[in-house]
Amino acid sequence: MDKTVNQKAWFLVLPVFLVVAFSAVLPLMTVVNYSMQDTFGNNQFFWNGVGWFKELLDPSTDLGGRFLASLWRNLFFSAVILAIEVPLGIVVALSMPRQGWSVAACLVILALPLLIPWNVVGTIWQIFGRPDIGLLGYVLNNIGINYNYVSNEFDAWATVIVMDVWHWTSLVALLCYAGLKSIPDAYYQAAQIDGASRWAVFTAIQLPKMNRVLLIAVLLRFMDSFMIYTEPFVVTGGGPGNSTTFISIELVKIALGQFDLGKAAALSLVYNLIIIIVCWIFYTVMTNAGVEHRGNKGVA
Amino acid sequence: MARIDLVDLAHSYSGNAAAPESFALKPVTMTWRQGGAYALLGPSGCGKTTLLNLISGIVTPSRGKILFDGTDITPLSTQKRNIAQVFQFPVIYDTMTVGQNLAFPLKNRGVPKAEIDARVAEIAGLLDLKPYLSRKAQRLTADAKQKISLGRGLVRSDVAAVLFDEPLTVIDPELKWQLRSKLKALHRALDLTMIYVTHDQTEALTFADTVVVMHDGRVVQSGTPAELFDKPAHTFVGYFIGSPGMNIVPAEVRGREARIDGHTIRLDRNYDGLPKGAKIEIGVRPEFVDVAAPGSGLLSANIERIDDLGRIRFARVRVGDAKFAARVPAGFSVPDNVAGLVFDAAHVHVYADSLLVEGT
């Protein structure tokens with residue numbers, strides 16, 4: 001079929017193209033540029049090729065050691081966060097009322113933690129957990145649990161994880177609740193008639209119908225927890241030692257603390273790449289594990 | 001497998017204290033025999049789905065009782081009632097295969113695996129689902145999904161009744177015919193009591209042995225398709241069943257005569273005992289009124305248009321203020337504006353306040 005060739009359509013795309021170019025592509029290219037060079041200040045740059053990347057992946061160097069250690073910390077943190085927040089969010093969503101005034105009340109209460117700025121969340125927990133003046137820290141120490149997130153690694157981790165669960169489980173719960181609300185009543189009635197147990201209703205109806213929102217929840221929570229910076233920085237500052245120093249904290253130390261722009265640029269590129277790859281894996285696995293969604297239709 | 005008795009059953013969604021006129025289902029008492037095919041027919045909002053949900057236990061009645069084989073099951077939950085129901089929109093368990101979907105109601109009730117497999121194979125065979133048994137149910141078309149829903153309703157052999165809530169709404173017209181005759185065949189093959197809710201008279205009349213016509217929360221007539229056609233108990237039934245519906249016109253009835261628009265029609269029976277002050281109407285199906293050339297002995301009518309249905313033609317006419325439909329005899333050429341109407345006296349019915357009056 002003959003099509004009229006009309007290149008004017010390109011002009012419609014142009015504004016978006018420019019915005020994306022200036023907001024994403026050009027800054028990213030700057031980072032790519034930095035990642036290949038070394039600087040000693042005074043705006044003097046020296047070509048370094050893929051040197052930084054080699055160092056980054058070699059645990060025997062200072063840069064590589066720091067990167068890999070913080071990477072494992074980050075992956076562990078994200079895994080723990082997902083393992084707690086996703087099931088907990090589902091349980092919260094399932095136990096929420098489905099109608100009446102209490103729905104609005106629940107939604108508002110759940111939304112509250114999401115409305116608090118990261119920095120404030122960090123500050124709240126930092127004070128909350130202090131053994132001398134914080135409610136949590138004081139109570140724990142008085143009932144005989146020696147809790148101090150400043151000096152004890154385990155306590156620091158526990159604080160950061162509980163804080164994140166407190167802050168973000170609501171998001172998973174709200175998404176799941178939306179998914180649950182979209183299930184027509186006929187499904188529950190049919191399940192009743194089919195004699196399905198509560199567990200069967202969950203596995204046969206609710207979980208499959210929440211598949212989509214759960215994917216979104218997992219992606220959002222993974223990305224967010226993998227990029228976490230503010231809250232642990234405010235609460236523990238990455239300590240004690242380096243025990244809660246995540247990649248983002250390490251990155252800021254290198255870029256702004258030491259002003260090693262080359263190393264920092266290389267690190268941020270790899271960091272970015274990891275997030276994209278892990279998200280892609282989650283997406284592929286979850287869309288395929290559920291069911292073949294958009295397969296060929298038409299059998300009768 | 002059960003006889004179903006409804007005893008003075010009524011329901012209001014705003015509770016028992018609501019005004020009797022506002023009840024979604026007004027008190028009804030009737031018996032449905034084991035193995036029958038019943039249709040609940042009526043327009044949207046007539047209470048037919050409410051009645052169905054009362055039987056399945058999704059809704060608990062405000063008043064009255066439901067008996068299965070004489071046992072009061074009103075307080076029982078849906079699970080304990082031994083009822084199967086197919087809904088308007090297909091309900092499919094997405095993650096399961098077609099076979100697992102069909103087996104689900106049996107599996108939940110702890111039926112032995114061998115028995116499940118045999119029954120699933122039988123039902124799948126009846127519904128032509130055999131080739132899809134091991135496929136994921138989610139990828140199928142709407143009508144295949146609805147077949148699975150039907151199958152899940154039919155798979156239990158011990159159910160008291162299978163209820164259908166407008167199950168063919170989402171199905172393409174051509175497939176509707178197929179599925180409907182399939183249902184009819186299934187009913188013959190499986191000896192299950194089936195109750196079918198619909199607002200489509202063709203669906204009701206072709207499926208059911210007994211059609212229960214509902215209007216405004218009331219059961220207005222329950223009978224075979226022929227009874228509904230020949231002797232509508234309520235003007236609503238006359239109007240709702242048949243296409244075009246029954247002609248209902250106000251008339252003065254005295255003895256064996258009815259006067260419409262100054263003209264007298266002979267009646268087959270005597271109607272001397274009509275209640276005083278009631279609104280009297282006569283009803284006659286278009287099939288029993290013939291258009292003829294205007295004549296002195298005939299009721300004259302103004303012709304508005306002719307509907308040619310191919311096999312049969314109907315004249316839409318006006319008698320005084322009343323609209324009328326009448327059959328055009330084959331080969332008769334219709335006059336341009338005025339025609340006479342010939343009534344088949346045996347099929348002219350008299351209604352007092354919309355209810356059929358039996359003449360003597």
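## An open sheet in chain B

In this predicted model, chain B contains an open sheet of four strands, arranged in the order S11-S15-S21-S22 with antiparallel pairing. Strand S11 (247-250) and strand S22 (355-357) of chain B stand at the edges; each has a single partner strand, so one side of each is left without a neighbour in the sheet. From one strand to the next, the twist averages 40 degrees.

Within this sheet, strand S15 (residues 280-284) of chain B runs antiparallel to strand S21 (residues 348-352) of chain B, and five bridges join the two. B:Gly283 stands opposite B:His349 in S21(B). In general, strands of a sheet pair through backbone hydrogen bonds.

## The contact between chains A and B

Chain B gives 27 residues to the contact, and chain A gives 22 residues. On the side of chain B that touches chain A, the elements giving two or more residues are helix H2 (78-81), strand S6 (83-86), helix H3 (98-108) and helix H5 (142-154) of chain B. The residues on this side comprise 13 nonpolar, eight polar and six charged.

## The fold and dimensions of chain A

Chain A is built with twelve helices and two strands. Along the sequence, these elements of chain A follow the pattern α-β-β-α-α-α-α-α-α-α-α-α-α-α.

The radius of gyration of chain A is 24 Å, whereas a compact globule of 300 residues would have one near 19 Å. Along the principal axes, the C-alpha atoms of chain A fill a box of roughly 80 × 75 × 35 Å. Of the 300 residues in chain A, 28% are buried. Among the contacts in chain A with a separation of 6 or more, 67% are between residues 24 or more positions apart.

Methods. Residues are numbered from 1 along each chain as its sequence is written. Chains are lettered from A and ligands numbered from 1 in the order in which they are written. This is a predicted model: local features need pLDDT of at least 70, side-chain atom pairs count only at pLDDT 80 or more; totals for chains, interfaces and linings use all residues. Two strands pair if DSSP finds at least two bridges between them. Axes are lines fitted to C-alpha atoms, for helices over the stretch in contact, and angles run from 0 to 180 degrees between N-to-C directions. Two residues are in contact if their C-beta atoms, placed from the backbone, lie within 7 Å. Ala, Val, Leu, Ile, Met, Phe, Trp, Tyr, Cys and Pro count as nonpolar, Asp, Glu, Lys and Arg as charged, and the others, Gly among them, as polar. The radius of gyration is taken over C-alpha atoms; the globule rule is 2.2 Å times the number of residues to the power 0.38. A residue is buried if 20 or more other C-beta atoms lie within 10 Å of its own, exposed if 12 or fewer, and partly exposed in between; C-beta atoms are placed from the backbone.
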